[in-house]
Every structure is written in C-alpha cells, then in structure tokens.
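Have a look at the screen and I'll talk you through it.

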Amino acid sequence: MERFVEQFLNLEIMMAAWPMILQGFGMTVLICAVVIPLGLTGGLLAALGSLSGRRPLRWTVIALVDVFRAFPPLVLLIFIYAGLPFTGLRLSPFAAVAIAFFLNNSAYYGEIFRAGIQSVGAGQSEAARSTGLTGPQTLAYVVLPQAVRNVLPDLLSNTVEVVKLTSLASVVSLGEMLHQADLARSVTYNASPIVLVAGIYLVLLWPLVRLVSHFERRLAS
Amino acid sequence: MTQWERFLETFFNAEVLARYAPSILHGVWVTIELSLLIVVVGIGVGTALACVRALRRPWLTAPIVVFADVFRALPPLVLILIAFFGLPNAGVFLSAFLVLFLVLTLVLAAFAEEIVWAGITSVPKGQWEAARSTGLTFGQTLGSVVLPQAIRLAIPPLTNRAIAITKMTALGTVIGVPDILNQATTAQSFSGNASPLMLAAVAYLLLFLPLVILSRWLETRFAWRRA
C-alpha cells in the first residue's frame, strides 16, 4: 500500500511537476480552442453535403465521412505527421494535430448534425420557404436551431471525446498536458505526474459526463 | 525519374510492400484478437453492471456510477500510461498487451453500463410491476422482459461505442503492442519509405469501414430516437 501511494500519489513529485503540467494545460486549452470550432464548422458542412440534393456531392461526402470514421484518430495523426514529409510537406506537430483532428471531428460532428437536421420535419422548411425566407435563412433561423437542440446531448458527448482526444497530441511531442506529465514521469520514474493530469481531466470532464448521462436518460424515458 | 514515378516509389513501393506485408499482417491479427476480446468482455461486464444497478441498492449503485463516470471522463491514453509505467514500480507486472486490453475493456464496460442502464430505465415501470405480479422473479423479469427491450434500444449506440473503442487499440503503439500501427511505423522507419503506412491504412479501412457502414445501417434499422 505504501509503495502504491509512493508510486501514484507522491505529493512531492506532483508539486515539482506542477509548473510543467500547468504549461501543458495551456497547450491543451489552445488545442481545444482550435480543434472544436474547426470540427463543428467542418461537421456542419459535412452534414449539409451529405443531405445535398446533388447526388455526386452527397455520395462523395458520405464516403469521406465513413473513411474518416473508420481510421483511428492516432493513425490519422501519425500518417499526417510521419507520412506527409515523404511528399516534401513537413508540418509542425500543432498543424498535424489540427489537420488530423479536423478530419476526424468533422466526420463525427457531421453525422450528429445530419441526424439533427433530419429530425426536423420537412414541413418546417417548406413553411419557412413559403413565407419568403431564402434557403440559407431557412437553415439558419428555422432548421438549425431545432436541429441543434435535438442533438445537444450527442454534440456535448462528442465534445467530451474531442477534449480527451487532445491527449493523443503527446504522441507527436506536442507539449500538452499528458506530454508534459510523461516527461516528468520519465525523469522521476514515478507515475504521480500522470495521475495529477488524470485528476485535472476528471475535474474538467466529470460535470460534462454527468450532464450527458442526465440528458440521455431524459431522452430515453 | 518523373514525379509520378517518384510518388509511386515512395508510397506504393512493391519491394518494400512485399518485405513488410507479413509483419503488418501479424499486426492485423493482433488488432483483431484484441478488438474481439475487448468487445466481448467489455460489453459483458458493462451489461452485468447495469443489471446489478437495476437492483437499486444505493451501496451497489454508488461504486458503479463512480466507476462509469471516471472511466468515461479520463482519456484512455492517460490510463494506459499510468498502468503501464506506474504498476511495475508498485510491484505489479503486466504485459503491454494485457495493459491495453484491461484499460480499453474497462472503458468500454463503463460506456456499455451507461448505455444499457439508459435502456433499462426507458422500460416503463408498469412492465416491471406486471411481470412481477404474474409471479416472475426479479431475475426472470429483468432477463425475459426488461433486458430484451433495453438491449434493442442500446444496439446502435453500443455498436458506435464499440467501434470507437476497438479503434483505440492503435494506442497500444505508444507502449509497444505490435498492432497494425506499431508494425507499420517500425517498418516505415526501417525502410525509410512510406509504403508500410499506406498498407496499414488499407488494413484499417478493410477492418473498420464495413463496421462503420454496419453502424450506419443499424441506426436506420433500430432508430434510437425519432423527434
């Protein structure tokens, strides 16, 4: 037991690693701030594409969405980071993370937005159009507000997944929270810095996870 | 050499492909083996926990809720690193394969518990009461009346979650599990050629694209919610 505490809950080592981890926390927040809006925008475009009346566009978008849902995010990230340099294009770790997550998140958010838009009855947009609203106006003022409300739990739960996903950036040595903690771990031979990071994730995400469960149960019953 | 030829030689080099195909194929087996184990055990444990929770005993519910919340809130990579690098110093020695299996199974169990539980709570209370009053025991009611309906509701979200988590077997690369990604990156650095990565990409698509398409079909088949 003592050994367990020493190895996982060593306060002294946690304190020593704290400044590094705080720095990493800033990077984690920065990645989220870039990746979440990018994913939401890409997802909205993907949803509109996959519902388009133009068949070639629709099938292309659906195929792309499925392909990017089939690739594990880490595989996508490593391909972009380690594969693209072979074409002569060398990306910074941050750019690689942003591109990989943009592709992956757009596919997932896209499916959620699509389900949301489909849940709004066709009568709604027909009524809106017949009152003289243009297509984009109908989408923005009538369809999307209802669509987003209908899939809010899924959007929230996917956003939790995206925040968790940022930890993969550590694999391409981008100095986010987990990367900094793992550095501290490799210097001290002690897992406490990573446990500290786990604690930070828990504090950040636990309320959201609770909220998702609450929403899901309300919808199911 | 034209640019096209150079491109082919970098990304689709027949000689490199032939040399590393066996090791990537081995990775494919490791990935499949792990995925199946994780899905079977994870969904089994998650469903069992949801059934225990259906007993509605606070002292049983509390630890299950805490477990499910913690494993849904923490990034799997964080858990993998803690288990792989921390446990040996505390005197517990697990192989990388076992660590990856345990972490992903627990994560899937946590999600499965929440999904199945949402299904169980969606069955109206009247059905419990009706079943119990016909003389069925608690276990019979749960097993023959409630669970079949709950599982039906749970199938689409459970499939999506199971796919998402089996894809995470790629995280094993970080601790040296010889899965597809690990074999491919090793081959890429040995050969200085991107072809092994392309082969791995094809392997992932062959494995997961059918599952993604299946989940798309299941969603329309068992429409989860219709607004």
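Predicted model: local features only at pLDDT ≥ 70, side-chain atom pairs only at ≥ 80, totals over all residues.

Residues are numbered from 1 along each chain as its sequence is written, while chains are lettered from A and ligands numbered from 1 in the order in which they are written.

So, chain B. It has 9 helices and 0 strands; those are DSSP runs, H or I of at least four residues for helices and E of at least two for strands, numbered from the N terminus. How far does the C-alpha trace of chain B span along its principal axes? About 80 × 50 × 25 Å. The radius of gyration of chain B is 22 Å, whereas a compact globule of 227 residues would be near 17 Å; that's over C-alpha atoms, and the globule rule is 2.2 Å times the number of residues to the power 0.38. Of those 227 residues, 45% are buried, meaning 20 or more other C-beta atoms within 10 Å of their own, with exposed being 12 or fewer, partly exposed in between, and C-beta atoms placed from the backbone.

Next, the contact between the chains. Chain A puts in 44 residues and chain B 42, where two residues count as touching if their C-beta atoms, placed from the backbone, lie within 7 Å. On the chain B side, H9(B) gives the largest share, 8 residues.

Now the core. The largest nonpolar core has 126 residues, and among those touching the most other members are Leu77(A) and Leu108(B). A core here is a set of buried Ala, Val, Leu, Ile, Met, Phe, Trp, Tyr and Cys residues joined through C-beta atoms within 7 Å. H5(B) gives the most to this core, 17 residues. Leaving out residues up to four places away in sequence, Leu77(A) touches several residues, including Ala96(A), Val97(A) and Leu168(A).

Most residues other than glycine have a negative phi. Tyr189(A), though, has a positive phi near 55 degrees, and it sits in the loop between helix H9 (177-188) and helix H10 (192-220) of chain A. Is Tyr189(A) buried or exposed? Exposed, with 12 other C-beta atoms within 10 Å. Arg56(B) also has a positive phi, about 55 degrees, and is exposed, with 8 other C-beta atoms within 10 Å.
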